[in-house]
Amino acid sequence: MSVSPEAFGPRTPFGRVPRPRFGVADLPLAMAYVYVAVIAGAVFILEPALLDGSGAMGANFSLVVPLALVAFGQTLAMLTRGIDLSVGGVISLSSALLATHLNARGWLLLPELLAIVALGVLIGCLNGLMIAFTPIQPFIVTLATWSIWDGVAFGVLPIEGGTVSPTLVKAASGGFLRVPKSVWVVVLLLLLWRWLRATRFIGDLVAIGSDESRARLLGVRIGRRKLQAYAATGLLAALASIWVTAQTQAGSPDGGDQFILNSVAAVVIGGTSIFGGKGSAASSIMGSIAFLLIPILVFALNLSSFWSIFLEGLVLIVAVTFNSIIQTRARR
Amino acid sequence: MIEAGADTLRRNSSIVLAFVLAGVLFVAGTIQTTGFASYEHTRTVLITASFVGLVGFGQTLCMLTGGIDLSIPSNLAGAAVLTAFLANGSSAGLIWIVPMVIGLGMVVGLINGLGVAYAGVPPIIMTLGMNSAIQGLLLIYTNGGLASAAPPALVNFVDGNTLGLSTMLLIWIGVALVATVLLSLSAFGRKLYAVGTNIRAALLAGVRVKRVLVVPYVVSGASAALTGVLLLGFLGQAFVNMGDEYLFSSAVAVAVGGASILGGKGHYIGTVAGAIILTLIAANLNLLSLGESAIDISYGVILLATVYLATIRLGRR
């Protein structure tokens with residue numbers, strides 16, 4: 001696999017280079033928009049109230065928020081040719097803590113939320129340290145830490161429940177300027193990516209994912225960058241957990257597990273390369289929306305909800321196969 | 001043949017180490033309580049380990065090629081639920097039901113294998129998606145996965161003894177023999193190690209790499225389905241989540257057994273030791289009245305430690 005300077009748009013170790021023209025290899029990144037348009041179009045024809053009914057927008061986007069957050073982080077890990085399965089553990093543990101020890105009312109909640117975010121960063125840093133400075137693959141490191149933090153979560157909160165701070169529940173519901181807060185969060189995430197994608201940080205991650213030894217020769221501090229990427233993934237997973245816990249108003253010691261498949265699926269549907277070095281968190285957010293439209297489509301088709309579990313897996317398999325074939329061709 | 005065996009042992013000193021660790025854990029349990037080493041308890045430990053060991057057969061082959069099978073949980077649960085569902089409490093149909101569900105498991109594995117080998121999909125993502133798809137299909141077919149109890153003949157078969165030994169253990173020994181012949185004595189075994197060690201070199205040496213890459217997933221589908229059927233007999237009932245714990249334990253058993261996650265190194269005999277180690281750890285933690293939480297944590301730590309030790313040892317050579 002060769003790294004050509006044209007492969008990079010943003011500031012890279014090679015210096016600033018013009019954004020490349022759209023090629024076949026970029027097709028997967030555009031597919032997410034197609035998936036969203038097709039599925040949303042189908043739902044709109046079948047049962048328009050599911051999308052434009054009163055409160056439907058806020059309710060739908062409130063499911064998008066946590067997945068978009070986790071998928072954003074998963075994109076960073078995948079850009080470096082890695083993967084983070086421990087997001088499940090981070091979400092479960094944060095949720096268990098938010099429903100037991102960290103549920104103060106009023107302004108006292110703020111330092112507790114900061115503690116949750118710090119915990120996410122810390123867990124991410126531990127993953128990053130092991131991935132950057134030991135020869136163990138990201139997949140094994142995070143598989144192990146997923147099990148460890150899930151175990152700790154079960155220790156903190158053995159069964160679903162607990163009490164969540166009413167302040168938190170209130171803060172995450174309703175709207176701002178007559179637009180649901182969930183929509184604002186997604187817009188903010190898209191803006192964050194718009195800014196981030198042109199930074200040296202993302203350029204370095206892309207360089208690492210494209211060709212790690214080449215990136216090292218170019219002076220990219222690989223260990224530090226990987227550490228930062230996984231710390232960011234942990235942080236975003238902790239934020240996702242805060243949102244989910246506020247919405248469900250209960251802690252769940254294994255509620256994070258579903259986010260592993262879902263975030264990987266969102267990123268893959270979004271077209272970020274599973275071979276590293278090419279990707280976009282904005283596409284992953286579109287991938288999240290496409291993924292979460294599946295159960296809505298199943299509902300609109302009047303099928304049993306079990307169909308969505310099947311279709312979610314099927315869509316992941318089809319999308320990943322499509323992307324793999326295109327990306328393997330493009331790498332030749 | 002004997003030299004080949006001795007050579008395998010020498011190359012896999014980590015397997016010997018794994019058996020030593022299993023022995024240490026057994027002694028630790030015996031020190032804690034007197035009943036630990038009794039015939040009955042030892043038999044229970046080994047039978048519990050045999051389920052991890054059986055799913056571990058397919059997982060070992062997958063990991064030898066540098067892959068992994070994460071579709072084991074729903075494949076296992078699917079076979080169990082389907083068997084209970086189709087048999088509907090009677091033992092008469094088992095003759096055709098059991099081969100059929102194992103065949104279905106192989107079909108699932110074949111799809112995994114084709115995706116990995118021919119489309120170049122990373123095994124983690126392929127099998128993760130498959131796990132969800134199969135679970136969905138299972139729920140649709142059974143309308144929620146509530147199945148009737150296990151057929152009595154299956155329960156008797158799994159709980160019973162053959163020639164004075166537990167039938168489960170005999171099946172496990174049989175699988176271990178088949179695995180040893182396959183890995184150490186057959187041409188296919190050599191190809192599998194060749195592909196796992198260096199796929200390019202294997203290709204240049206004339207190995208049909210893609211075909212070899214498909215087989216482990218088919219075997220894993222079959223071994224997961226077989227384990228599902230036997231676990232149905234052991235537990236007396238089937239439920240949709242019954243396979244979940246085997247996702248992690250099968251992978252950890254293979255890693256603890258000294259196989260390299262990168263592929264090309266390891267043996268099923270190591271997985272046997274790994275399965276026994278995991279079961280003994282759970283039994284020891286139960287003695288200390290530490291539950292699921294402690295087991296999850298310790299499995300994670302063990303996975304990290306063994307893979308770390310294996311990779312640094314690989315690096316030194």
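How much area is buried between chain A and chain B, and what percentage of it do carbon and sulfur atoms give?

1. This is a predicted model. The area buried between chain A and chain B is about 3,200 Å². Carbon and sulfur atoms give 84% of that area. In residues, 38 of chain A are in contact with 36 of chain B.

2. Polar links across the interface come next. The rule finds 0 salt bridges between chain A and chain B. Polar contact is counted for 3 residue pairs, with both residues at pLDDT 80 or more.

3. Which helices of chain A each supply at least two residues of the side that touches chain B? They are helix H6 (138-156), helix H12 (258-269) and helix H14 (306-331). H14(A) gives the most, with 14 residues. By class, this side of chain A has 27 nonpolar residues, 9 polar residues and 2 charged residues.

4. Thr80(A) sits in the loop between helix H3 (56-79) and helix H4 (87-98) of chain A. Is Thr80(A) buried or exposed? Its relative accessible area is 5%, so Thr80(A) is buried, the cut-off being under 20%.

5. The surroundings of Thr80(A) can be listed. The side chain of Thr80(A) reaches the backbone oxygen of Ala77(A) at 2.7 Å. Leaving out residues up to four places away in sequence, Thr80(A) touches Leu205(A), Ile208(A), Gly209(A) and Tyr230(A).

Key
Residues are numbered from 1 along each chain as its sequence is written. Chains are lettered from A and ligands numbered from 1 in the order in which they are written. This is a predicted model: local features need pLDDT of at least 70, side-chain atom pairs count only at pLDDT 80 or more; totals for chains, interfaces and linings use all residues. Side-chain values use heavy atoms; hydrogens and water are left out. Contact means heavy atoms within 4.5 Å. Buried area is the accessible area (1.4 Å probe) that two parts lose on being put together, summed over both. A salt bridge is a side-chain nitrogen of Lys or Arg within 4 Å of a carboxyl oxygen of Asp or Glu. A polar contact is a pair of N or O atoms within 3.5 Å; within protein, one must be able to donate a hydrogen and the other to accept it, and residues adjacent in sequence count only if both atoms are side-chain atoms. Helices (H or I, at least four residues) and strands (E, at least two) are DSSP runs, numbered from the N terminus. Ala, Val, Leu, Ile, Met, Phe, Trp, Tyr, Cys and Pro count as nonpolar, Asp, Glu, Lys and Arg as charged, and the others, Gly among them, as polar. Buried means under 20% relative accessible area, exposed over 50%, partly exposed in between (1.4 Å probe, protein chains only).
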